[in-house]
Amino acid sequence: MTPILRARRRGGPVCLSAVALLSLACGVSGDGSDPVVPAFAGSATAPGAEPAALPPAEEANAPAEMPPAVPGATAAPTSRGEGPDEGISLAPMSPVEGTDEPGSDSPAATPEMPAAPDATPPEQPGQPEQPAPASPDRPTRGTTNLFTDLLGIPVAEVDDRVRLVVNRLFGIGTNESAIPQANTGYRIYYQLPQDPSQAFIWCADANDVRSEGQSYGMMIAVQMNMQAEFDRLWRFAQQRMQFATNDAWNRYFRWQGQVTANANQINVNFGQNGPAPDGDEYFAAALYLADRRWGSNGAINYEQEADAIASAMLNNAGGGQGRVPIINAQSNMVVFFPQGNSAGFSDPSYHLPAFYELFAQDGNPGDAARWRQLAEVSRQYFVRAANGNTGLHPDYANFDGSPN
(Lines give C-alpha, C1' and ligand atoms only; values in the text may rest on other atoms or scores of the structure.)
Protein backbone atom coordinates (compact mmCIF):
# COMPACT_ATOMS: atom_id res chain seq x y z
CA MET A 1 0.00 0.00 0.00
CA THR A 2 1.20 3.49 -0.78
CA PRO A 3 2.37 5.22 2.42
CA ILE A 4 -0.16 7.71 3.74
CA LEU A 5 0.83 11.29 4.50
CA ARG A 6 -1.15 12.90 7.26
CA ALA A 7 -1.64 16.53 8.14
CA ARG A 8 -3.96 17.09 11.06
CA ARG A 9 -5.63 19.92 12.89
CA ARG A 10 -8.14 20.28 15.66
CA GLY A 11 -11.73 20.30 14.53
CA GLY A 12 -11.09 18.93 11.06
CA PRO A 13 -8.60 17.82 8.43
CA VAL A 14 -6.18 19.92 6.46
CA CYS A 15 -4.75 19.21 3.02
CA LEU A 16 -1.37 20.61 1.98
CA SER A 17 -1.84 21.01 -1.76
CA ALA A 18 1.18 20.14 -3.88
CA VAL A 19 -0.58 21.62 -6.91
CA ALA A 20 -0.96 24.98 -5.15
CA LEU A 21 2.65 24.92 -4.04
CA LEU A 22 3.84 24.17 -7.57
CA SER A 23 2.37 27.45 -8.74
CA LEU A 24 4.18 29.34 -5.96
CA ALA A 25 7.58 27.64 -6.04
CA CYS A 26 9.43 30.94 -5.76
CA GLY A 27 8.55 34.55 -5.01
CA VAL A 28 8.43 36.85 -8.00
CA SER A 29 9.19 40.45 -8.69
CA GLY A 30 6.81 41.70 -11.34
CA ASP A 31 9.29 43.32 -13.71
CA GLY A 32 12.15 40.87 -13.23
CA SER A 33 14.24 43.49 -11.46
CA ASP A 34 15.78 43.24 -8.03
CA PRO A 35 13.25 42.87 -5.20
CA VAL A 36 11.97 46.15 -3.83
CA VAL A 37 12.24 46.69 -0.09
CA PRO A 38 9.38 48.71 1.42
CA ALA A 39 10.65 52.13 2.41
CA PHE A 40 9.07 51.93 5.85
CA ALA A 41 10.70 48.59 6.72
CA GLY A 42 13.66 50.02 8.59
CA SER A 43 16.01 48.02 10.76
CA ALA A 44 18.04 48.97 13.77
CA THR A 45 21.66 47.90 13.57
CA ALA A 46 24.71 48.32 15.73
CA PRO A 47 27.03 51.16 14.72
CA GLY A 48 29.06 50.15 11.70
CA ALA A 49 27.14 46.92 11.18
CA GLU A 50 25.69 46.14 7.78
CA PRO A 51 21.90 45.93 8.03
CA ALA A 52 20.28 42.70 6.93
CA ALA A 53 18.34 42.90 3.69
CA LEU A 54 14.59 42.60 4.09
CA PRO A 55 12.37 40.31 2.06
CA PRO A 56 9.80 41.79 -0.30
CA ALA A 57 6.15 41.36 0.51
CA GLU A 58 4.53 38.24 -0.88
CA GLU A 59 0.83 38.72 -1.17
CA ALA A 60 -0.43 35.17 -1.37
CA ASN A 61 2.13 32.63 -0.29
CA ALA A 62 0.10 30.97 2.41
CA PRO A 63 -1.83 27.85 1.39
CA ALA A 64 -5.58 28.20 1.16
CA GLU A 65 -7.62 25.97 3.42
CA MET A 66 -9.11 23.06 1.56
CA PRO A 67 -12.68 21.77 1.74
CA PRO A 68 -13.54 19.31 4.52
CA ALA A 69 -12.37 15.78 3.96
CA VAL A 70 -14.48 12.68 3.83
CA PRO A 71 -14.93 11.63 7.48
CA GLY A 72 -14.34 8.21 8.89
CA ALA A 73 -10.74 7.38 8.03
CA THR A 74 -8.40 6.31 10.76
CA ALA A 75 -4.93 7.61 11.37
CA ALA A 76 -1.75 6.11 12.74
CA PRO A 77 0.14 7.33 15.79
CA THR A 78 2.84 9.95 15.36
CA SER A 79 6.50 9.13 15.71
CA ARG A 80 6.35 10.40 19.30
CA GLY A 81 3.79 7.74 20.13
CA GLU A 82 1.00 10.14 21.01
CA GLY A 83 -1.81 7.82 20.03
CA PRO A 84 -4.42 8.23 17.28
CA ASP A 85 -4.23 11.39 15.21
CA GLU A 86 -7.13 13.76 14.89
CA GLY A 87 -8.62 14.39 11.49
CA ILE A 88 -8.27 12.25 8.39
CA SER A 89 -5.30 10.71 6.66
CA LEU A 90 -4.29 12.33 3.39
CA ALA A 91 -2.93 9.95 0.81
CA PRO A 92 -0.78 11.46 -1.94
CA MET A 93 -0.30 10.37 -5.50
CA SER A 94 2.00 7.40 -6.01
CA PRO A 95 5.71 8.25 -6.06
CA VAL A 96 7.12 10.00 -9.10
CA GLU A 97 9.03 7.48 -11.15
CA GLY A 98 12.72 7.87 -11.79
CA THR A 99 13.22 10.54 -9.18
CA ASP A 100 16.46 9.36 -7.63
CA GLU A 101 18.49 11.14 -10.28
CA PRO A 102 17.08 14.04 -12.29
CA GLY A 103 17.29 13.34 -15.97
CA SER A 104 16.31 9.70 -15.60
CA ASP A 105 13.50 8.22 -17.64
CA SER A 106 10.05 9.26 -16.59
CA PRO A 107 6.52 8.39 -17.66
CA ALA A 108 5.42 9.74 -20.98
CA ALA A 109 3.51 12.99 -21.04
CA THR A 110 -0.10 12.52 -20.11
CA PRO A 111 -2.92 13.34 -22.50
CA GLU A 112 -4.68 16.67 -22.29
CA MET A 113 -7.36 16.82 -19.61
CA PRO A 114 -10.88 16.66 -20.98
CA ALA A 115 -12.98 19.78 -20.99
CA ALA A 116 -15.61 20.25 -18.32
CA PRO A 117 -19.03 18.93 -19.22
CA ASP A 118 -21.49 21.47 -20.58
CA ALA A 119 -23.97 20.92 -17.83
CA THR A 120 -24.20 19.12 -14.53
CA PRO A 121 -27.13 16.72 -14.21
CA PRO A 122 -29.66 17.93 -11.65
CA GLU A 123 -29.53 16.28 -8.27
CA GLN A 124 -32.24 13.76 -7.55
CA PRO A 125 -33.97 14.59 -4.27
CA GLY A 126 -33.70 12.01 -1.56
CA GLN A 127 -30.65 10.29 -3.03
CA PRO A 128 -27.49 10.19 -0.86
CA GLU A 129 -24.33 11.69 -2.30
CA GLN A 130 -22.13 9.05 -3.89
CA PRO A 131 -18.38 9.47 -3.30
CA ALA A 132 -16.05 9.05 -6.23
CA PRO A 133 -14.38 5.63 -6.31
CA ALA A 134 -11.00 5.32 -4.65
CA SER A 135 -7.93 4.85 -6.82
CA PRO A 136 -5.45 2.02 -6.21
CA ASP A 137 -2.83 4.75 -5.82
CA ARG A 138 -4.97 6.60 -3.30
CA PRO A 139 -6.33 4.14 -0.74
CA THR A 140 -8.06 6.96 1.15
CA ARG A 141 -9.38 9.90 -0.76
CA GLY A 142 -8.43 12.56 1.75
CA THR A 143 -9.85 15.97 0.90
CA THR A 144 -12.26 16.46 -1.95
CA ASN A 145 -10.72 16.23 -5.43
CA LEU A 146 -12.57 19.03 -7.21
CA PHE A 147 -11.15 18.11 -10.63
CA THR A 148 -12.86 14.74 -10.30
CA ASP A 149 -15.95 15.63 -8.29
CA LEU A 150 -16.91 18.78 -10.21
CA LEU A 151 -15.36 18.30 -13.66
CA GLY A 152 -15.58 14.53 -13.95
CA ILE A 153 -11.87 14.04 -14.69
CA PRO A 154 -10.75 10.56 -13.60
CA VAL A 155 -8.50 10.41 -10.55
CA ALA A 156 -5.75 8.71 -12.55
CA GLU A 157 -5.67 11.57 -15.07
CA VAL A 158 -5.47 14.15 -12.29
CA ASP A 159 -2.60 12.24 -10.72
CA ASP A 160 -0.83 11.91 -14.08
CA ARG A 161 -1.07 15.65 -14.67
CA VAL A 162 0.41 16.41 -11.25
CA ARG A 163 3.24 13.96 -11.93
CA LEU A 164 3.90 15.58 -15.28
CA VAL A 165 4.18 19.03 -13.69
CA VAL A 166 6.46 17.74 -10.93
CA ASN A 167 8.67 15.90 -13.41
CA ARG A 168 9.05 19.07 -15.46
CA LEU A 169 9.89 21.28 -12.48
CA PHE A 170 12.40 18.75 -11.13
CA GLY A 171 13.97 18.15 -14.57
CA ILE A 172 13.00 14.48 -14.68
CA GLY A 173 13.01 13.08 -18.20
CA THR A 174 13.06 16.54 -19.79
CA ASN A 175 16.69 16.55 -20.99
CA GLU A 176 16.96 20.16 -19.86
CA SER A 177 20.31 21.63 -18.89
CA ALA A 178 21.70 20.81 -15.44
CA ILE A 179 22.77 24.47 -15.22
CA PRO A 180 20.09 27.17 -14.78
CA GLN A 181 19.25 28.93 -18.04
CA ALA A 182 16.73 31.75 -18.19
CA ASN A 183 13.78 31.65 -20.62
CA THR A 184 14.14 27.95 -21.38
CA GLY A 185 12.02 25.00 -20.36
CA TYR A 186 10.35 24.30 -17.04
CA ARG A 187 13.08 23.18 -14.70
CA ILE A 188 13.65 24.90 -11.34
CA TYR A 189 15.37 22.09 -9.36
CA TYR A 190 19.16 21.91 -9.71
CA GLN A 191 21.91 19.90 -8.03
CA LEU A 192 25.27 21.48 -7.32
CA PRO A 193 27.83 20.17 -9.82
CA GLN A 194 30.53 20.39 -7.15
CA ASP A 195 28.35 18.58 -4.56
CA PRO A 196 25.47 16.52 -5.99
CA SER A 197 24.25 15.79 -2.46
CA GLN A 198 22.82 19.34 -2.38
CA ALA A 199 20.16 20.95 -4.58
CA PHE A 200 18.18 24.17 -4.74
CA ILE A 201 15.00 25.64 -6.19
CA TRP A 202 15.88 28.37 -8.68
CA CYS A 203 13.79 31.51 -9.11
CA ALA A 204 14.30 32.27 -12.78
CA ASP A 205 13.01 35.84 -12.97
CA ALA A 206 15.54 37.14 -10.42
CA ASN A 207 18.22 34.43 -10.78
CA ASP A 208 18.15 33.68 -7.09
CA VAL A 209 17.33 31.11 -4.41
CA ARG A 210 14.78 31.96 -1.72
CA SER A 211 13.82 30.28 1.53
CA GLU A 212 10.22 30.34 0.35
CA GLY A 213 10.95 28.42 -2.85
CA GLN A 214 13.42 26.05 -1.18
CA SER A 215 10.91 25.04 1.49
CA TYR A 216 8.08 24.76 -1.06
CA GLY A 217 10.30 22.38 -3.04
CA MET A 218 10.73 20.25 0.08
CA MET A 219 6.97 20.28 0.65
CA ILE A 220 6.36 19.05 -2.91
CA ALA A 221 9.04 16.35 -2.55
CA VAL A 222 7.61 14.90 0.66
CA GLN A 223 4.08 14.82 -0.78
CA MET A 224 5.31 13.07 -3.92
CA ASN A 225 7.49 10.60 -1.95
CA MET A 226 10.71 11.97 -3.45
CA GLN A 227 13.07 11.41 -0.53
CA ALA A 228 16.33 11.80 -2.48
CA GLU A 229 15.28 15.22 -3.78
CA PHE A 230 13.96 16.23 -0.36
CA ASP A 231 17.25 15.36 1.31
CA ARG A 232 19.30 17.28 -1.26
CA LEU A 233 17.14 20.38 -0.82
CA TRP A 234 17.39 20.16 2.96
CA ARG A 235 21.18 19.70 2.96
CA PHE A 236 21.56 22.84 0.84
CA ALA A 237 19.25 24.83 3.12
CA GLN A 238 20.89 23.59 6.29
CA GLN A 239 24.48 24.12 5.18
CA ARG A 240 24.11 27.32 3.15
CA MET A 241 21.03 29.17 4.40
CA GLN A 242 20.52 28.35 8.09
CA PHE A 243 21.88 30.64 10.79
CA ALA A 244 24.07 29.02 13.46
CA THR A 245 24.29 31.88 15.94
CA ASN A 246 23.65 32.48 19.61
CA ASP A 247 21.15 35.27 19.07
CA ALA A 248 17.51 35.75 18.11
CA TRP A 249 18.03 34.33 14.60
CA ASN A 250 19.57 31.02 15.58
CA ARG A 251 18.18 28.18 13.40
CA TYR A 252 16.42 30.63 11.07
CA PHE A 253 17.20 30.90 7.32
CA ARG A 254 18.59 33.59 5.04
CA TRP A 255 15.75 34.42 2.72
CA GLN A 256 17.52 35.16 -0.59
CA GLY A 257 20.80 34.51 -2.41
CA GLN A 258 22.05 35.38 -5.90
CA VAL A 259 23.13 32.58 -8.26
CA THR A 260 26.27 32.41 -10.40
CA ALA A 261 26.72 29.26 -12.43
CA ASN A 262 28.90 27.48 -14.94
CA ALA A 263 29.24 23.89 -16.05
CA ASN A 264 31.49 22.92 -13.15
CA GLN A 265 30.23 24.99 -10.24
CA ILE A 266 27.13 26.79 -9.00
CA ASN A 267 27.52 29.35 -6.21
CA VAL A 268 24.78 31.14 -4.29
CA ASN A 269 25.68 34.28 -2.34
CA PHE A 270 23.24 34.93 0.51
CA GLY A 271 25.10 38.02 1.75
CA GLN A 272 23.65 39.71 4.83
CA ASN A 273 20.05 38.66 4.20
CA GLY A 274 17.93 37.83 7.22
CA PRO A 275 14.91 35.53 7.62
CA ALA A 276 11.55 35.67 5.85
CA PRO A 277 9.29 33.91 8.39
CA ASP A 278 7.08 32.04 5.93
CA GLY A 279 10.08 30.13 4.60
CA ASP A 280 11.09 29.07 8.11
CA GLU A 281 7.55 27.89 8.88
CA TYR A 282 7.50 25.80 5.70
CA PHE A 283 10.91 24.27 6.45
CA ALA A 284 9.69 23.05 9.84
CA ALA A 285 6.38 21.73 8.46
CA ALA A 286 8.09 19.87 5.61
CA LEU A 287 10.54 18.24 8.02
CA TYR A 288 7.76 17.08 10.36
CA LEU A 289 5.90 15.58 7.41
CA ALA A 290 9.13 13.89 6.26
CA ASP A 291 9.41 12.29 9.70
CA ARG A 292 5.84 11.03 9.39
CA ARG A 293 6.45 9.65 5.93
CA TRP A 294 9.98 8.22 6.13
CA GLY A 295 10.86 8.19 9.82
CA SER A 296 13.94 9.81 11.31
CA ASN A 297 16.33 6.88 11.66
CA GLY A 298 18.13 7.45 8.36
CA ALA A 299 20.86 9.86 7.31
CA ILE A 300 18.78 12.88 8.40
CA ASN A 301 16.89 13.11 11.66
CA TYR A 302 13.92 15.02 10.27
CA GLU A 303 12.11 15.24 13.60
CA GLN A 304 15.14 16.62 15.41
CA GLU A 305 15.73 19.27 12.75
CA ALA A 306 12.06 20.28 12.76
CA ASP A 307 12.03 20.47 16.56
CA ALA A 308 15.01 22.81 16.53
CA ILE A 309 13.37 25.22 14.06
CA ALA A 310 9.95 25.19 15.71
CA SER A 311 11.43 25.69 19.16
CA ALA A 312 13.59 28.56 17.90
CA MET A 313 10.53 30.34 16.51
CA LEU A 314 8.98 30.46 19.97
CA ASN A 315 11.87 30.46 22.38
CA ASN A 316 14.77 32.42 20.86
CA ALA A 317 15.71 35.42 22.96
CA GLY A 318 16.13 38.91 21.56
CA GLY A 319 19.60 39.88 20.40
CA GLY A 320 21.76 42.71 19.20
CA GLN A 321 21.23 44.83 16.08
CA GLY A 322 17.49 44.92 16.81
CA ARG A 323 17.05 41.22 16.03
CA VAL A 324 14.01 39.50 17.56
CA PRO A 325 12.34 36.08 17.24
CA ILE A 326 9.99 35.28 14.35
CA ILE A 327 7.02 34.94 16.72
CA ASN A 328 6.11 38.07 18.64
CA ALA A 329 5.61 37.02 22.28
CA GLN A 330 3.10 39.75 23.15
CA SER A 331 0.74 39.33 20.18
CA ASN A 332 1.41 35.60 19.61
CA MET A 333 1.76 36.36 15.90
CA VAL A 334 4.39 35.89 13.24
CA VAL A 335 6.14 39.15 12.34
CA PHE A 336 6.88 40.51 8.87
CA PHE A 337 10.65 40.61 9.43
CA PRO A 338 12.34 39.88 12.76
CA GLN A 339 14.37 43.06 13.09
CA GLY A 340 13.77 46.70 13.96
CA ASN A 341 10.54 48.42 12.97
CA SER A 342 9.57 45.57 10.65
CA ALA A 343 9.05 43.34 13.68
CA GLY A 344 6.24 45.59 14.88
CA PHE A 345 3.60 44.33 12.43
CA SER A 346 2.67 41.19 10.53
CA ASP A 347 1.90 39.85 7.06
CA PRO A 348 -1.43 37.98 6.86
CA SER A 349 -0.01 35.53 4.32
CA TYR A 350 2.62 34.42 6.87
CA HIS A 351 -0.06 33.13 9.25
CA LEU A 352 -0.25 29.33 8.90
CA PRO A 353 -2.55 27.94 11.63
CA ALA A 354 -2.61 24.44 10.13
CA PHE A 355 1.17 24.30 10.49
CA TYR A 356 0.95 25.52 14.07
CA GLU A 357 -1.38 22.62 14.84
CA LEU A 358 1.17 20.29 13.25
CA PHE A 359 3.96 21.78 15.39
CA ALA A 360 1.78 21.30 18.50
CA GLN A 361 1.21 17.64 17.71
CA ASP A 362 4.69 16.65 16.54
CA GLY A 363 6.94 19.17 18.26
CA ASN A 364 8.19 19.73 21.79
CA PRO A 365 5.30 18.85 24.15
CA GLY A 366 6.22 21.84 26.27
CA ASP A 367 5.42 24.16 23.36
CA ALA A 368 2.17 22.46 22.29
CA ALA A 369 -0.24 24.72 24.17
CA ARG A 370 1.45 27.82 22.83
CA TRP A 371 1.31 26.60 19.25
CA ARG A 372 -2.40 25.84 19.59
CA GLN A 373 -2.92 29.31 20.98
CA LEU A 374 -1.08 30.79 18.00
CA ALA A 375 -3.30 28.79 15.64
CA GLU A 376 -6.44 30.27 17.15
CA VAL A 377 -4.97 33.77 17.19
CA SER A 378 -4.13 33.47 13.48
CA ARG A 379 -7.61 32.28 12.58
CA GLN A 380 -9.10 35.27 14.37
CA TYR A 381 -6.55 37.52 12.68
CA PHE A 382 -7.71 36.36 9.25
CA VAL A 383 -11.15 37.71 10.08
CA ARG A 384 -10.00 40.96 11.67
CA ALA A 385 -7.50 41.80 8.94
CA ALA A 386 -9.87 41.12 6.02
CA ASN A 387 -11.48 44.05 4.25
CA GLY A 388 -15.14 44.25 5.20
CA ASN A 389 -16.28 44.70 1.59
CA THR A 390 -13.88 42.57 -0.46
CA GLY A 391 -12.64 40.01 2.06
CA LEU A 392 -9.09 40.66 0.84
CA HIS A 393 -6.13 41.21 3.13
CA PRO A 394 -3.53 43.98 2.97
CA ASP A 395 0.11 43.25 2.18
CA TYR A 396 0.93 44.17 5.76
CA ALA A 397 -1.31 44.49 8.80
CA ASN A 398 -0.80 45.62 12.37
CA PHE A 399 -1.27 43.12 15.16
CA ASP A 400 -4.80 44.43 15.68
CA GLY A 401 -5.66 43.61 12.06
CA SER A 402 -5.68 47.18 10.74
CA PRO A 403 -3.76 47.80 7.49
CA ASN A 404 -0.17 48.94 7.88
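How many helices and strands does the secondary structure of the chain come to? The answer is nine helices and nine strands, where helices (H or I, at least four residues) and strands (E, at least two) are DSSP runs numbered from the N terminus. The model is predicted, so local features need pLDDT of at least 70 and side-chain atom pairs count only at pLDDT 80 or more, while totals for chains, interfaces and linings use all residues. Residues are numbered from 1 along each chain as its sequence is written, and side-chain values use heavy atoms, with hydrogens and water left out.

**Whole chain.** Of its 404 residues, 51% count as buried (under 20% relative accessible area; exposed is over 50%, partly exposed in between; 1.4 Å probe, protein chains only). Among contacts (heavy atoms within 4.5 Å) between residues at least 6 apart in sequence, 68% join residues at least 24 apart.

**The sheet.** Select strands E3 to E7. They make an open sheet of five strands in the order E3-E4-E5-E6-E7, with antiparallel pairing; two strands pair if DSSP finds at least two bridges between them. At the edges are E3 (189–192) and E7 (266–269), each pairing on one side only. Neighbouring strands are turned by 45° against each other on average, direction ignored.

Select E3. Tyr 189 and Gln 191 point one way from this strand, Tyr 190 and Leu 192 point the other way, and all are buried. Four bridges join E3 to the antiparallel E4, and the two strands form a hairpin with two residues between them. Within E4, look for Ile 201, which stands opposite Tyr 189.

Select E6 (residues 256–261) together with E7. These strands run antiparallel and are joined by four bridges. Ala 261 has Ile 266 in E7 as its bridge partner.

**A covered helix.** Finally, select H7 (residues 302–315). Is this helix mostly covered or mostly exposed? Mostly covered: 10 of its 14 residues are buried, among them Tyr 302, Glu 303, Ile 309 and Met 313. The buried residues pack against helices H5 (227–241), H6 (277–294), H8 (353–362) and H9 (368–385), and against strand E8 (327–328).

Technical notes
Axes fitted to C-alpha atoms, helices over the stretch in contact; angles between N-to-C directions.
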